[in-house]
Amino acid sequence: MARGKTVQVRRNEARLYLDKAVQFIEQARAGLDAGRNDAALLEAIHAAISGTDAVTTALAGVRSTDPDHQRAADLLEDIVASASEDRQRARQLRSLLARKNAVEYESRKTSPKEARDGVERAGRIVDWAKEVLAAARL
């Protein structure tokens, strides 16, 4: 099933990952409002990763520990394989992860449009994670 490094996690820990995701997305939105576009986008990316960890933990009791964050998207895809709307979340995560290296390590600044788009995408993942945990009664 899982590609990359994973670890078994108690399903009730999903709430902890969701709490982190919520903190990160709130910081991303605050950064966006303050014009801190690089910080906003990086916080958004971390929110999406933590939201993904919340979902995979809630649904399967597993999360990615692979240094390549794309494996978290692979794991999410594997777990939600039958639901096309849910697979869209993996695509959204991949889109955000594609920007991670540039925002973290390159000299080019993140534009307001890029930051806004990233925060919106991550927000959708975090909102979805909230729905998944509510449905799982976690």
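## Salt bridges

In this predicted model, the side chains of glutamate 13 and arginine 10 meet in a salt bridge, with N and O 3.3 Å apart; the term denotes a side-chain nitrogen of Lys or Arg within 4 Å of a carboxyl oxygen of Asp or Glu. Arginine 10 is exposed, with a relative accessible area of 57%, where exposed means over 50% relative accessible area, buried under 20% and partly exposed in between, computed with a 1.4 Å probe on protein chains only. Side chains of opposite charge can pair when their charged atoms come close. A search of the whole structure finds 10 salt bridges.

Another of these pairs joins arginine 71 and aspartate 74, at 2.5 Å from N to O. Both residues lie in helix 3 (residues 70-79), 3 residues apart, which is about one turn of the helix; helices here are DSSP runs of H or I with at least four residues, numbered from the N terminus. Arginine 71 is partly exposed, with a relative accessible area of 23%, whereas aspartate 74 is buried at 6%. The two residues also belong to a network of salt bridges that links Asp68, Arg71, Asp74, Glu77 and Arg94. A further salt bridge is formed by arginine 108 with glutamate 114, their closest N and O atoms being 3.0 Å apart, and glutamate 114 is partly exposed, with a relative accessible area of 27%.

## Basis of the values

Residues are numbered from 1 along each chain as its sequence is written, and side-chain values use heavy atoms, with hydrogens and water left out. Because the model is predicted, local features need pLDDT of at least 70 and side-chain atom pairs count only at pLDDT 80 or more, while totals for chains, interfaces and linings use all residues.

## Helix 1 against helix 2

The axes of helix 1 and helix 2 come within 7 Å and cross at roughly 160°, the axes being lines fitted to C-alpha atoms over the stretch in contact and the angles running from 0 to 180 degrees between N-to-C directions. That angle makes helix 1 roughly antiparallel to helix 2, a description used for angles over 145 degrees, with those under 35 counted as roughly parallel, 65 to 115 as roughly perpendicular and the rest as oblique. The crossing of the two helices is left-handed, which means that the near helix is turned anticlockwise from the far one by less than a right angle.

Residues of helix 1 including Tyr17, Phe24 and Ile25 meet residues of helix 2, among them Ala40, His46 and Asp53, where contact means heavy atoms within 4.5 Å. The residues of this contact divide into 13 nonpolar, 7 polar and 3 charged; Ala, Val, Leu, Ile, Met, Phe, Trp, Tyr, Cys and Pro count as nonpolar, Asp, Glu, Lys and Arg as charged, and the others, Gly among them, as polar. In the loop between helix 1 (14-33) and helix 2 lies glycine 35, which is partly exposed, with a relative accessible area of 46%. The C-alpha atoms of glycine 35 and proline 112 are separated by 7.4 Å, although these residues are 77 positions apart along the chain.

Helix 2 (residues 37-60) packs with helix 5 (residues 112-135) at an angle of about 20°, with their axes 8 Å apart. The two helices are therefore roughly parallel, and their crossing is left-handed. The contact involves Ala44, Ala48 and Val55, among others, on helix 2, and residues including Val119, Ile125 and Trp128 on helix 5. By class, the contact has 19 nonpolar, 4 polar and 1 charged residues.

With helix 3, the axis of helix 2 comes within 10 Å and crosses at roughly 35°, again in a left-handed crossing. Here Thr52, Val55, Thr56, Leu59 and Ala60 of helix 2 meet Ala72, Leu75, Leu76 and Ile79 of helix 3, and this contact has 7 nonpolar, 2 polar and no charged residues.

Leucine 93 is found in helix 4 (residues 84-105) and is buried, with a relative accessible area of 1%. Leaving aside its neighbours within four places in sequence, leucine 93 is in contact with Ala48, Ile49, Thr52, Ala72, Ala73 and Ile125.

Arginine 137, by contrast, lies in the segment after helix 5 and counts as exposed, at 77% relative accessibility. Its phi is near 60°, a positive value in a residue other than glycine.
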